[in-house]
Amino acid sequence: MPFAMEITQTGKPDVLFKTNKATPTPDAGEILIRNSAGAVNFIDTIIRRGEMPEGMMPDLPHVPGVEGAGVVEALGEGAEGFFVGDRVAWMGPIGAGGYGTHSLIAAPYVTRLADTVDFETAAAIPVNGMTAYQMLVNLGGAAAGKSVLVHAAAGGVGTMALHVAKHLGMTVIASTSTAKVVYAKDQGADHVIDYRTEDVTARVMDLTEGRGVDLTLNPIWGDTLKSDLDVLAPLGTTVLFGFLAGPPTGSFAEDLAKHFQKSVSVRVSDIYTYFINRPDQFGADMATVFDLLERGVLRPKVTSLPIIQAAEAHRRLEAGETTGKLVLSFD
């Protein structure tokens with residue numbers, strides 16, 4: 001019988017409970033997917049704790065999960081290009097229900113899988129792969145010969161960014177904690193900085209012979225924008241995509257004025273802005289990202305747990321015990 005791991009009240013990981021569900025029916029343009037795997041993201045834990053920004057918290061009960069992989073079970077009118085039985089991966093909005101056996105997803109956000117790609121690996125790709133690709137290619141102007149500093153390089157997005165950047169011919173500098181230095185090197189980083197024991201700004205400037213980098217990818221924010229601007233080369237770009245160290249601090253006017261003659265730019269990136277406003281382009285990029293997976297360019301590190309252990313997955317993620325991506329399996 002269809003079921004889901006559901007949040008009925010906010011709190012610690014143990015508020016996730018298995019609940020039986022009716023099988024939904026796809027509306028026009030939708031695809032009903034029977035999930036074989038669903039990925040775990042930080043936003044799932046934020047929702048579970050009830051800490052979403054004002055106006056963004058979904059109603060309870062809520063089934064977490066915004067990405068997954070499985071088999072097409074039914075098609076709504078107009079959902080062209082797919083057939084019942086197709087193996088697919090998908091990304092959806094909050095409420096897509098990736099922690100459940102079934103998800104209804106609009107066709108632009110679904111992509112076919114090669115038979116050589118297993119469902120757990122596929123479920124680990126959409127959010128992280130698309131976030132990395134969007135920041136590098138669409139926002140950051142990534143190209144062969146350019147350089148990039150990737151913060152939190154051992155995380156899910158960071159790992160994908162290392163792979164894509166190296167594939168594009170960039171020089172990649174990774175910043176990570178002591179325990180994850182070897183991992184970042186193994187993922188292809190040309191240089192790895194241990195931010196716990198080294199001065200990141202000084203090391204970047206040393207590695208680039210004083211020029212700086214063309215691009216930084218920063219999920220930390222807090223007071224790190226200042227240091228990112230310091231390490232940008234002329235015409236460089238900083239892309240901010242998270243708040244691991246909290247909301248931004250400092251004076252943007254002062255910091256930007258200091259670097260006026262470098263003509264630097266600052267971008268913020270929320271993957272759902274792209275998801276909502278340009279669905280067809282998003283779908284085309286997702287197909288490109290999965291082609292990179294099939295060709296072996298993307299090599300996600302995946303840890304899989306049974307779906308019934310969703311609470312344990314949340315605990316591990318919040319404790320910082322994971323490297324790469326956590327996936328919940330329905331098999």
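**Entry 1: the cis bond.** I am working with a predicted model. I looked up P61 and found it in the loop between α1 (42-49) and β4 (67-75). The peptide bond from L60 to P61 is cis, and its omega is near 5°.

**Entry 2: the whole chain.** I went through the secondary structure of the protein chain and noted 11 helices and 15 strands. I then looked up the overall dimensions. The C-alpha atoms fill a box of roughly 60 × 40 × 35 Å along the principal axes. The radius of gyration is 20 Å, which agrees with a compact globule, because a globule of 331 residues would have a value near 20 Å.

Of the contacts between residues at least 6 apart, 69% join residues at least 24 apart.

**Entry 3: surface and charge.** The accessible surface of the protein chain is about 14400 Å², and carbon and sulfur atoms account for 53% of it. Of the 331 residues, 53% count as buried. I looked up the charges as well: there are 26 positive and 38 negative ones, and their mean positions are 5 Å apart.

Entry 4: In soluble globular proteins, nonpolar side chains tend to be buried together. I looked for such groups in this chain. The largest nonpolar core has 65 residues, and L136, V148, L217 and F282 touch the most other members. Helix α3 (residues 126-139) gives the most to this core, namely seven residues.

Leaving aside neighbours within four places in sequence, L136 is in contact with several residues, including V148, A161, V164, M170 and L217. Another core lies apart from the largest one; it has 19 residues, among them F3, M5, V63 and I307.

**Entry 5: positive phi values.** For A152, phi is near 50°. A152 sits in the loop between β8 (147-150) and α4 (156-167). Is A152 buried, exposed or partly exposed? Its relative accessibility is 29%, so A152 counts as partly exposed, since buried means under 20% and exposed over 50%.

For S263, phi is near 55°. I found S263 in the loop between α8 (252-258) and β13 (265-268). The relative accessible area of S263 is 45%, so I put S263 down as partly exposed.

Notes:
Residues numbered from 1 in each chain as written. Predicted model: local features only at pLDDT ≥ 70, side-chain atom pairs only at ≥ 80, totals over all residues. Heavy atoms only, no water. Helix = DSSP H or I, 4+ residues; strand = E, 2+ residues; numbered from the N terminus. Rg over C-alpha atoms; globule rule 2.2 N^0.38 Å. Buried < 20%, exposed > 50% of the residue type's maximum accessible area, 1.4 Å probe, protein only. Contact = heavy atoms within 4.5 Å. Areas by Shrake-Rupley, 256 points an atom, 1.4 Å probe, with all protein chains shown as cover. Lys, Arg positive; Asp, Glu negative; His and termini not counted. Charge placed at Lys NZ, Arg CZ, Asp CG, Glu CD. Core = buried A, V, L, I, M, F, W, Y, C linked by side-chain atoms within 4.5 Å.
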